[in-house]
Amino acid sequence: MNTSAASASWAHEPEIRKAVEAAMETALELSDGVRGTTSPNPPVGAVILDSRGRRVGAGATQPPPGPHAEVMALREAGERARGGIAVVTLEPCSHYGRTPPCTRALLAAGIAAVRFAVSDPHPAASGGAEVLRAAGVDVEGGLLASRVAEGPLRAWLHRERTGRPHVTWKYAASLDGRIAAADGTSRWISGPTSRAEVHALRARVDAVVVGTGTVLADDPWLTVRDADGELAPRQPLRVVMGTRGIPAGARVLDSTAETVVFATHDPGEVLAGLAERGVVDVLLEGGPTVAGAFVAAGLVDRIVAYVAPTLLGAGPAALGDAGVSTITEAHRWRLEGVTMSGEDVRISAVPVTGEGGD
Ligand code: AOF
Ligand code: ZN
């Protein structure tokens, strides 16, 4: 992959390769840790190793217009970066945006080799690998690429590719697929572990979406709290969509976090409005009507379902009309992971892509 004459051959030795792999694991964790704080920018992690493979700096993307990950890691490394390796989850940028190019910062610091996971698809920022190679840096991409692309960079890559935010539809249901009992009561179907996980999911996204029906039925607060009920310092944008009026006293309209109301049933319109606001990662929290509209429009990119060992026998199903009238029209999904969540089962699924998929 490296075409530079001045390749740093030492950087290919087994010991150093091992250190680079461990550093990329750390960079992945760092990028995961800043999810939800960097939009519209990607959450990137970076680690600097010296020429002996010792870690001398680490950092992650700061909220815009703050520095990119490489700059944070280089700051910590200082002079120790000279002749070392930068390990980054995304190809270093080569453009002047809100900040100067990371390629410049890496060259100024005297970095000899760069290892990154995923290429930057952004038209202006991409090309960093070539810029660095041309300057004699030993560059390789692709390390842990699929884990980074399916993990912390998934939503941002999706937004770059499609122009719209990534949507995770989350619901909690009984074993027979219902989200409330016949009288509308739903506290609690899922257990405390699952409920805590939902707060962790909310903390990592830019926006949480519900329909006006859910606001009227449940009066949700849609905030991120810890186990003691303490509010997290950063709250996602709260989004209500639909044409039914909601009371001025609804909890979602209080001043704890910002809220936008879209008076429409059209998921595409809502996502376009959110994209304009810089939203990259969306958590769709229901209810059945809104979820049905998103599924019917092919605008759900991941499902996270908490299924409790509880039977209700009556009451609303998790998904309303999604445009399926016969079995051949069923929306088919691929299971990504099935784990226990306390007493519940957590199922994550992604759309079936390619031949025969939707
Ligand atoms: C990196 N490291 O940590 C991030 C990068 O407007 P700007 O200047 O903040 O640039 C945003 C673009 O830079 C963004 O679209 C993406 O292509 C890249 N993000 N690049 O080298 C980072 N967050
Ligand atoms: Zn950059």
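## Salt bridges and the zinc site

Across the whole structure, which is a predicted model, a search finds 20 salt bridges, a salt bridge being a side-chain nitrogen of Lys or Arg within 4 Å of a carboxyl oxygen of Asp or Glu. Local features need pLDDT of at least 70, side-chain atom pairs count only at pLDDT 80 or more, and totals for chains, interfaces and linings use all residues. Residues are numbered from 1 along each chain as its sequence is written, and side-chain values use heavy atoms, with hydrogens and water left out.

Three of these pairs are set out below.

| Pair | N to O distance |
|---|---|
| R115 and E140 | 4.0 Å |
| R159 and E160 | 2.7 Å |
| D254 and R238 | 2.9 Å |

R115 lies in strand 4 (residues 113–118) and E140 in strand 5 (residues 138–141), so their pair ties together parts that are 25 residues apart in sequence; strands are DSSP runs of E with at least two residues, numbered from the N terminus. R115, at 4% relative accessibility, counts as buried, as does E140 at 18%, where buried means under 20% relative accessible area, exposed over 50% and partly exposed in between (1.4 Å probe, protein chains only). R17, R115, D138 and E140 are linked in a network of salt bridges.

The zinc ion (ligand 2) is coordinated by H68 (ND1), C93 (SG) and C102 (SG) at 2.0 to 2.2 Å, donors being N, O and S atoms within 2.8 Å of the metal (3.2 Å for Na, K and Ca). C93 is buried at 5% relative accessibility, and C102 is buried at 0%.

Conventions. Chains lettered and ligands numbered in written order. Helix = DSSP H or I, 4+ residues; strand = E, 2+ residues; numbered from the N terminus.
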